Amino acid sequence: MDDTQKPKEVLIAEVHALREALRRNNADLDQFAYVASHDLKAPLRGIANLSQWIEEDLGPRLGEESRRQLELLRGRVHRMESMLEGLLEYSRAGRASHAPEPVDVGALVHTVMARLPGGDTARLEVGPGMPTLLTEHLPLQQVFMNLLSNALKHAHGKDLRVRVEARDTQGFHHFSVADNGPGIASAYHEKIFAPFQTLVARDKVEGSGMGLCVVKKLVEGRGGRVWVESSEGAIFHFTWPRNEAGRS
């Protein structure tokens, strides 16, 4: 018997069963990500502490090269902790649901930028016509936080410039975040949205490589899309529904 021949009550029961199975799977994934992150952080912190104690115990007997190697080791530990945090953030992205509320996007962008390291030294330009959306505040804040943080990391030296613009499209608002960084080769335009991907060595630009992956998950979870263009600098585009009041 195919689905078209099944009674309505049977189909409804099957849908409910599938939803419950999906809910359990999501809960299991959340638990796994939390346990993995928490349990792996403890030995990492132990390694960092041991390296610090060795350096303190040896004091002046420790050569400069050995001291540099211990500092490098602690840097790798902190990087691993950042990657675990990114994994946890990705796992949780879009899982929690909050009631839609009016969000002034222009004010949100300014608030996010002020909270980011280096945000106070950058020249932020917010285009005209920034909308007020009826949407979940936290997911949209996460999207802008990751995109603005990415722009600050890659923008040029002392002249940090970031421009955010918006325009209306059918059923969505189209946002763009542009920076004056070195740009991104077209061969990497898809790769950068995959987990743990960075285009610059982490010795030069620290990051978990999960920020853009989280952006993609949050945007696509609302029926939008995200993409990048690059010539001089990079421009990240994403679409976001104009009104989420009826979203389940």
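Because the structure is predicted, local features were considered at pLDDT of at least 70 and side-chain atom pairs at pLDDT 80 or more, whereas totals for chains, interfaces and linings use all residues. Residues are numbered from 1 along each chain as its sequence is written, and side-chain values rest on heavy atoms, with hydrogens and water left out.

The sheet is open and consists of five strands in the order β2-β4-β5-β7-β6, with mixed pairing; strands (E, at least two residues) and helices (H or I, at least four) are DSSP runs numbered from the N terminus, and two strands are taken to pair if DSSP finds at least two bridges between them. From one strand to the next the twist averages 15°, where angles run from 0 to 180 degrees between N-to-C directions and axes are lines fitted to C-alpha atoms, for helices over the stretch in contact.

Parallel pairing joins β2 to β4 over four bridges, and L124 has V162 in β4 as its bridge partner. Strands β5 and β7 run antiparallel and are joined by seven bridges, with S176 standing opposite H237 in β7. The pairing of β6 with β7 is likewise antiparallel, over six bridges; V228 stands opposite F236 in β7, and a hairpin connects β6 to β7 through one residue.

Within β2, which includes E125, this residue is partly exposed at a relative accessible area of 27%, given that buried denotes under 20%, exposed over 50% and partly exposed the range in between (1.4 Å probe, protein chains only). Beyond its neighbours within four places in sequence, E125 is in contact with V162, R163 and V164, contact being defined by heavy atoms within 4.5 Å. Strand β7, by comparison, is mostly covered, with eight of its nine residues buried.

Apart from its neighbours within four places in sequence, L148 is in contact with V109, V112, M113, L116, V162, V164 and V177.

Helix α4 has 18 residues, which at 1.5 Å a residue should span 26 Å, in agreement with the 26 Å between its end C-alpha atoms; the expected span is 1.5 Å times one less than the number of residues. The buried residues of α4 include P139, L140, F144, L148 and L152. This helix lies across β4, β5 and β7, running at about 175° to β7, while α5 packs on the sheet, touches β6 and β7, and makes about 25° with the direction of β7. The two helices α4 and α5 pack at an angle of about 150° with their axes 9 Å apart, and P139, Q142, V143, N146, L147 and N150 in α4 meet G211, L212, V214, V215, L218 and V219 in α5.
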